[in-house]
Amino acid sequence: MPSTTVFSNATAATMTPETADYGLVRNAAIVVSDGRIAWVGAQEALPEPYRDAPTQDLDGRLVTPALIDCHTHIVHGGNRAMEFEMRLQGASYEEVARAGGGIVSTVSATREASFDELLAKALTRADALIAQGVSTVEIKSGYGLNQETELKMLRVARAIAQHRPIRVMTSFLGAHAVPKGMDADAYIDTICIPALNAAHAEGLVDAVDGFCEGIAFDTTQISRVFDQARALGLPLKLHAEQLSNIGGTALAARYGAMSADHVEYATEDDARALAASGTVAVILPGAFYTIHETQAPPIQAFRDHGVPMAVATDWNPGTSPLGSILLAMNMACTLFRMTPAEALAGTTRNAARALGLTDTGTIAPGMRADLAIWNVAEPAELSYGIGINPLHNRIFGGVQ
């Protein structure tokens with residue numbers, strides 16, 4: 001017999017794409033059976049077969065799909081608090097990077113850290129996300145810049161799901177920075193692509209990412225990585241147009257990438273290209289805030305052209321030490337004028353799409369029973385609060 005529970009007396013924000021805004025069902029019941037959503041609808045319409053099933057009264061609480069953080073770097077060594085001070089004194093992100101800080105400074109700490117040390121710190125970060133209703137997290141490599149450390153990072157990311165009730169999606173980000181004293185093209189050919197091949201052979205890679213920027217890799221270099229990813233049958237993502245526009249968003253669209261992330265300097269033409277390719281624009285307000293950026297992503301252009309928008313923390317030690325998905329939602333609204341409905345869609349169904357997931361992100365029959373139960377009455381409260389965590393309970397694959 002299937003294990004079935006009816007969650008009754010709830011307000012359900014189903015977040016299904018065919019509904020306006022939140023897809024709210026008031027006075028709702030949600031039936032969970034064997035880890036999946038079996039039925040959702042008005043409580044008075046609960047089908048007869050479920051009326052004698054065990055029931056939990058949610059006392060009018062809001063239920064949403066569990067949240068998804070679709071862009072993080074939570075496996076890393078060390079921290080970069082000193083660079084925080086540098087930026088407060090007026091140094092730009094580029095100046096910090098060119099002075100030997102930035103990504104490369106984290107590389108040394110990550111190379112030196114053992115597997116167990118990296119895992120212990122990453123589990124602490126995963127716990128913080130779980131405590132805010134997150135059920136799925138994407139984790140990137142990219143702080144190794146050599147094969148040994150890139151693989152170590154991905155193994156740590158995979159291990160998180162063995163120690164915590166959370167789904168982990170990995171992205172190989174070998175094309176994150178150029179190691180000191182090395183030519184970018186040589187690095188791509190002799191380290192990055194061989195490391196990608198090795199990681200894929202070990203089953204460590206769910207997607208391939210890159211940092212397309214003047215201080216990192218140009219479109220031609222990223223294309224070589226993407227071509228190899230395609231040959232391996234791996235989907236693509238891209239850090240694009242964060243600090244300038246060098247064609248990364250257009251490149252992501254041409255390759256049919258799942259997402260283009262940051263996109264502060266994307267244009268109307270870029271929005272058209274993303275819409276045509278079905279690529280998600282991942283909005284990362286934590287980095288915008290941390291590095292004192294002034295160029296906001298073209299949210300209205302994305303709306304006008306029907307580009308799906310996700311929202312994520314970009315939790316990393318340098319440019320977005322943001323461990324709160326709820327604060328990321330608030331910042332997306334206050335800094336970029338996204339609506340609370342867009343922010344919640346951005347951390348549920350659109351975040352799932354940015355990861356290529358089709359079984360999570362909405363409350364609908366057949367979907368995984370990954371749910372967040374909140375001590376709020378209306379879904380806008382999730383983006384409205386600053387430093388407030390109203391989570392009552394999280395359900396992961398039907399398990400509380």
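Modeller: Gladly! Keep in mind that this is a predicted model. Let's start with strand β12 (residues 280-283) and β13, which pair in the parallel sense over 3 bridges.

Biologist: What makes β12 and β13 a pair?

Modeller: Pairing needs at least two bridges between two strands. β12 and β13 have 3 bridges, so they count as a pair. Within this pair, Ile 283 stands opposite Val 311 in β13.

Biologist: Which sheet holds β13, and in what order do the strands come?

Modeller: β13 belongs to an open sheet of 8 strands with parallel pairing, in the order β6-β7-β8-β9-β10-β11-β12-β13.

Biologist: Why do β6 and β13 stand at the edges?

Modeller: β6 (67-69) and β13 (309-311) each have a single partner strand, so one side of each is left without a neighbour in the sheet. On average, neighbouring strands of this sheet are turned by 25° against each other, direction ignored. Helix α5 (residues 147-163) packs on the sheet, where it touches β7 (134-140) and β8 (167-175). The direction of α5 makes about 170° with that of β8.

Biologist: Now the aromatic rings. How many aromatic pairs are there?

Modeller: The structure holds 3 aromatic pairs. One of them joins Tyr 187 and Phe 217, with ring centres 6.0 Å apart and planes at 25°.

Biologist: Why is the pair of Tyr 187 and Phe 217 called stacked?

Modeller: Two rings pair if their centres lie within 6.5 Å, and planes under 30 degrees apart count as stacked. With centres 6.0 Å apart and planes at 25°, Tyr 187 and Phe 217 meet both conditions, so the pair is stacked. The two residues are 30 residues apart in the chain: Tyr 187 is in helix α6 (residues 184-201), and Phe 217 is in the loop between β9 (207-212) and α7 (219-231).

Biologist: How do you know whether Tyr 187 is buried or exposed?

Modeller: Buried means under 20% relative accessible area. Tyr 187 has 1%, so Tyr 187 is buried. Phe 217 also has a relative accessible area of 1% and is buried.

Biologist: And what makes Phe 288 and Phe 336 an edge-to-face pair?

Modeller: Their ring centres are 4.8 Å apart and their planes are at 75°. Planes over 60 degrees apart count as edge-to-face, so that is the label for Phe 288 and Phe 336. Phe 288 sits in helix α10 (residues 285-290) and Phe 336 in helix α12 (residues 325-336), 48 residues apart. Both Phe 288 and Phe 336 are buried.

How values were computed: Residues are numbered from 1 along each chain as its sequence is written. This is a predicted model: local features need pLDDT of at least 70, side-chain atom pairs count only at pLDDT 80 or more; totals for chains, interfaces and linings use all residues. Side-chain values use heavy atoms; hydrogens and water are left out. Helices (H or I, at least four residues) and strands (E, at least two) are DSSP runs, numbered from the N terminus. Axes are lines fitted to C-alpha atoms, for helices over the stretch in contact, and angles run from 0 to 180 degrees between N-to-C directions. Contact means heavy atoms within 4.5 Å. Buried means under 20% relative accessible area, exposed over 50%, partly exposed in between (1.4 Å probe, protein chains only).
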